[in-house]
Amino acid sequence: MERDYTLFIPEFIAAGGAVLVLAAELIYPKVRKDYLAYFTAAVALAWGISALFYIGNTVGNFQGVIQTDNFTTFFRLLGSGIVFVVALLSAQYMNRRTKTAGEYYGLLLLAGIGMVYMAAARELITAYIALELLSFSLYVLVGYLTKDNLSTEASLKYILLGAFSSAMFLYGMSLVYGITGTTYYDGIGAALADRSGDTDTAAVVGFMLILAGVGFKVSAAPFHMWAPDAYEGAPLPITAFLSTASKAAGFALILRLFTGPLAANADDWKWAIAALAAITMTAGNLIAIQQKNLKRLVAYSSIGQVGYMLVVIAAIGYGDRDTAQNASTGLLLHMVGYVCSTLALFTALTAYYNRTGKDTIAGLRGMAETQPFLATIVTVSLFSFAGLPFFAGFTTKLFMFQGSVTDGLLWLVALAVANSFVSLYYYLMVLRQVYLFDPEPGMSRFSVGPVLWVTGAALTLGVIFIGVYPGPVFEGAERATDPLFGVGVDAVDHAAMDHSH
Amino acid sequence: MTLELEHFLTVGALLFSLGLFVALSKRNAIGVLMGVELMLNAVNLTLLSFSRFSVSERPVAGQTFVVFVITVAAAEAAVALALAVSVYRNRQTVDIDRINLLKS
């Protein structure tokens, strides 16, 4: 098999940018830190644009371990977009808090690369390395404010739990390797399909451990303990990154694994995922109600969102091929809407924090008076989370749940809808502070810098656009799920593929 | 008695459980890390015994995997210890019961 390095050009750009950012600060220690942020954003932009050239290309395969298809392209665009926005959010925020920012922006780009390869991996070792690239970058980014007690504490807790879950994930992978004799997804799928029928304790234990590992990465309850702490302690832009990139990456990996190699054994894992989804969404939403700290509230609300997304994975197990593709398309669509809403919310929170230094729920009081524009963004994004009509969350959840409805899973979809109503309560509690209370004495109206203003406005428009007219994004999501289900894949992998059909 | 696959797997599973227990019961961050390292070594043992005993088309994959796991484990220890040091500088302790500023 020939080695086609042109498949990696977008990530070469990103990795090169990461090295340049590091080098720039080494050579010119006095460089303005916000320039580094804008440079990172430019690299992310170039990364995203270069990824556009892969749309509609034939599926590229590197030695069977990495596949660049529409699914990979989808996550390249999403990943570079997230890095772009997070870099812009960090500019002012980090400028005030650190003397060295080169590593911060370098690691941000590397984390994005890890995310892309989690989506592109077609082999267990590659998937594991990509996952650890993302995780390690995040451990350090969460603890980047070394003088800050909360930041360092959050990162230590995060890495201890993360290392623990990686070990479980690895043990699961080692069992799957032992059963199938290969680490390639295609080979695993073929081997499992050959032996389907006889239940095998080792296989079930392996699947459960893998599920625990990825469940930790996407912070599904009961593996969610790290999320609130890491969210609260991390610098604000990194909290945004955690709740978007690491979840998107986790679901990319889950989709590749559970629609492909593990699909043949759906009976062994589908009940576990359905239970995980139910526990995750209920726990996330119920605990969110009690939160006083805004970052913790967002953490639990995002755990609730993960529960909704897991409904799709359960539907992949319960439903047939068509259900699986419709549900997955819904998941990718919802992911885009969720990422836009989350980033919009954090743009507003960062702009507000830069000016006022407040990031608690009570700290938002009177925001509608001091900064009506930010208050609008917060309102739009929270309504989108809650799933009110005309905002992204409503439309994308509708598509996602509609796609996931299948025999034996109606109860879960009903539970998800009920949970959405619960979530409205705590989002409204936040908005109550924003609109119904007077600002604290001494707080006057202030203006927002142009960068954050434009970012926030663009993301808010995106949220409304997806909510009103989801057509284009839906189309993109559908093309992205094609390769997962073998639609339009012509002779990608040879012997192994033939074997599995 | 000859050593079979089962013996190695049993040792691997025991080692993994021991590591799990250590990681969950230790209150010291470094102790937790040591438990995790035990778990990773159990994984390595399992991978190696599978690649040694099961007849597969790619027996090398298991050994390659082990090399990667060892490398990543080393990196993980380095990052985790660095973060522990940065906590220790601020708080003069790495006892996870006493590192409890983050609470709901």
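# Chat about a predicted two-chain model

Colleague: Pick a salt bridge to begin with: what does Glu475(A) pair with?
Modeller: Glu475(A) makes a salt bridge with Arg479(A), with the closest N and O atoms 3.4 Å apart. By salt bridge I mean a side-chain nitrogen of Lys or Arg within 4 Å of a carboxyl oxygen of Asp or Glu.

Colleague: Before more of that, what kind of model is this?
Modeller: This is a predicted model, where local features need pLDDT of at least 70 and side-chain atom pairs count only at pLDDT 80 or more, while totals for chains, interfaces and linings use all residues. Residues are numbered from 1 along each chain as its sequence is written, chains are lettered from A and ligands numbered from 1 in the order in which they are written, and side-chain values use heavy atoms, with hydrogens and water left out.

Colleague: Back to the pair. How are Glu475(A) and Arg479(A) placed in helix 19 of chain A?
Modeller: They are separated by about one helical turn, because they are four residues apart in helix 19 (residues 471-481) of chain A. Helices here are DSSP runs (H or I, at least four residues; strands are E, at least two), numbered from the N terminus.

Colleague: Which residues are joined into one network by salt bridges that share partners?
Modeller: Glu153(A), Lys157(A), Asp229(A), Glu232(A), Arg296(A) and Arg91(B). Inside that group, the side chains of Arg296(A) and Glu232(A) meet at 2.5 Å, N to O. That pair links distant parts of the chain, 64 residues apart, with Arg296(A) in helix 12 (residues 294-318) and Glu232(A) in helix 9 (residues 226-233) of chain A. Arg296(A) is buried at 5% relative accessibility, and Glu232(A) is buried at 12%.

Colleague: And what does Lys295(A) do?
Modeller: Lys295(A) forms a salt bridge with Asp359(A), at 3.7 Å, N to O. Asp359(A) lies in the loop between helix 13 and helix 14 (367-370) of chain A, whereas Lys295(A) is in helix 12, 64 residues apart from it. Lys295(A) is buried, at 6% relative accessible area, and Asp359(A) is partly exposed at 22%.

Colleague: How many salt bridges over all chains?
Modeller: The whole structure has 16.

Colleague: How many are between chain B and chain A?
Modeller: One. Glu153(A) pairs with Arg91(B), and the closest N and O atoms are 3.2 Å apart.

Colleague: How many residues are in contact across it?
Modeller: 45 residues of chain B are in contact with 41 residues of chain A, contact being heavy atoms within 4.5 Å.

Colleague: Change of topic. Where is Thr347(A)?
Modeller: Thr347(A) is in helix 13 of chain A. Thr347(A) is buried, at 1% relative accessible area. Apart from neighbours within four places in sequence, Thr347(A) contacts Leu89(A), Leu452(A), Thr455(A), Gly456(A) and Leu459(A).

Colleague: What about Ser381(A), buried or exposed?
Modeller: Buried, with a relative accessible area of 0%. Ser381(A) sits in helix 15 (residues 372-386) of chain A, and its contacts beyond four places in sequence are Ser341(A), Ala344(A) and Leu345(A).

Colleague: Last one, where does Ala264(A) lie?
Modeller: In the loop between helix 10 (236-259) and helix 11 (266-289) of chain A. Ala264(A) is partly exposed, at 39% relative accessible area. Ala264(A) and Gly317(A) are 53 residues apart in sequence and 9.2 Å apart in space, C-alpha to C-alpha.

Conventions: Buried means under 20% relative accessible area, exposed over 50%, partly exposed in between (1.4 Å probe, protein chains only).
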